[in-house]
Amino acid sequence: PSKSILNDVILNKRVSITDKEALEDAKKSLSNMIYDFLVQHKLSMSDNEKKKVAKAMDMSLISSEYEKELKRPIQNIVSGRIARIVLIQLQFVKKELLVAMEAIDELFNANQVNLQLLAVMPAIFSLILVQSFGKFLINFIRSSSRGKFIESATSIHREIRYELRELERL
């Protein structure tokens, strides 16, 4: 995890599950498919309007044509219009899925450092705990009389006498 944190924060190297070129290709392909469909089937529209609709990837005209075609399904299956409209809609779904995957990828990258830090925290806390225990142990050994854990009775009596004399002086 620490290597991933280093790559993400300092080197700005991020792992991506989506392919930017695939998304651009899907958008371009959908735009071309919509434009070609409008050129063949919407003769009343001007060329600028067709390009505008295709560039915006507006599926409303495709959806309305699909609804019209479903009224005569057998005839339109034979002519191929339903199949073409379904393929355009499938391309639209592909593009939307790639957009959603890209959003998920960005969300993952935004939270990746948090997840990596969360994975490293138990090791850091363990090191801090060991260090604190070590310092406590060293201080305990130093603070005991002459480095002994258990003091002798005479040294304890000596210390009590000294403290009582100090109290009497006050």
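Is Gln 91 buried or exposed, and what is its relative accessible area?

Author: Gln 91 is buried, with a relative accessible area of 12%. Buried means under 20% relative accessible area, exposed means over 50%, and partly exposed is in between (1.4 Å probe, protein chains only).

A word on the model comes next. This is a predicted model, in which local features need pLDDT of at least 70 and side-chain atom pairs count only at pLDDT 80 or more, while totals for chains, interfaces and linings use all residues. Residues are numbered from 1 along each chain as its sequence is written, and side-chain values use heavy atoms, with hydrogens and water left out. The score pLDDT is the predictor's confidence in each residue, from 0 to 100. The mean pLDDT of the protein chain is 83. Of its residues, 84% reach 70 or more. Confidence is lowest in helix α1 (residues 2-9), at a mean of 62. It is highest in helix α2 (residues 20-41), at 92. Where pLDDT is low, the predicted coordinates should not be read in detail.

Now place Gln 91. Gln 91 sits in helix α6, which covers residues 81-143. The protein chain has seven helices and zero strands. Helices (H or I, at least four residues) and strands (E, at least two) are DSSP runs, numbered from the N terminus. What does Gln 91 touch? Leaving aside residues up to four places away in sequence, Gln 91 touches Ala 26, Ser 29, Leu 30 and Met 33. Touching here is contact, meaning heavy atoms within 4.5 Å.

Ile 88 is also worth a look. With residues up to four places away in sequence left out, Ile 88 touches Leu 30, Met 33, Ile 34, Phe 37, Met 59 and Ile 62. Ile 88 belongs to the largest nonpolar core, which has twelve residues in all. Such a core is a set of buried Ala, Val, Leu, Ile, Met, Phe, Trp, Tyr and Cys residues joined through side-chain atoms within 4.5 Å. Other members include Leu 30, Ile 34, Phe 37, Leu 38 and Ile 85. Helices α2, α3 (47-56) and α6 each supply at least two residues of this core. The largest share, four residues, comes from α2. In soluble globular proteins, nonpolar side chains tend to be buried together.

Met 57 is in this core too. Met 57 counts as buried, at 17% relative accessibility. It lies in the loop between α3 and α4 (60-69). Met 57 has a positive phi of about 55°, although it is not a glycine.

Next, the charged pairs. Side chains of opposite charge can pair when their charged atoms come close. A salt bridge is a side-chain nitrogen of Lys or Arg within 4 Å of a carboxyl oxygen of Asp or Glu. The whole structure holds eight of these salt bridges. One of them joins Lys 20 and Glu 102, at 2.8 Å from N to O. Lys 20 lies in helix α2 and Glu 102 in helix α6, so the pair ties together parts that are 82 residues apart in sequence. Lys 20 is partly exposed, at 44%. Glu 102 is buried, at 19%.

Another salt bridge links Lys 68 and Glu 65, whose closest N and O atoms are 3.8 Å apart. Both residues lie in helix α4, three residues apart, about one turn of the helix. Lys 68 is partly exposed, at 43%. Glu 65 is buried, at 6%.

Phe 133 lies in helix α6, and Phe 133 is exposed, with a relative accessible area of 52%. Phe 133, Phe 136, Leu 137, Phe 140 and Ile 141 form a nonpolar patch on the surface. Together they have about 480 Å² of accessible area. Patches are made of residues with over 30% relative accessible area and no salt bridge; like charges are joined within 9 Å, and nonpolar side chains (Val, Leu, Ile, Met, Phe, Trp, Tyr) within 5 Å. Accessible areas come from the Shrake-Rupley method with a 1.4 Å probe, and for residues only the protein chains shown count as cover.

Last, the whole chain. Buried residues make up 21% of the 170 residues. The chain exposes about 13000 Å², and carbon and sulfur atoms supply 63% of it.
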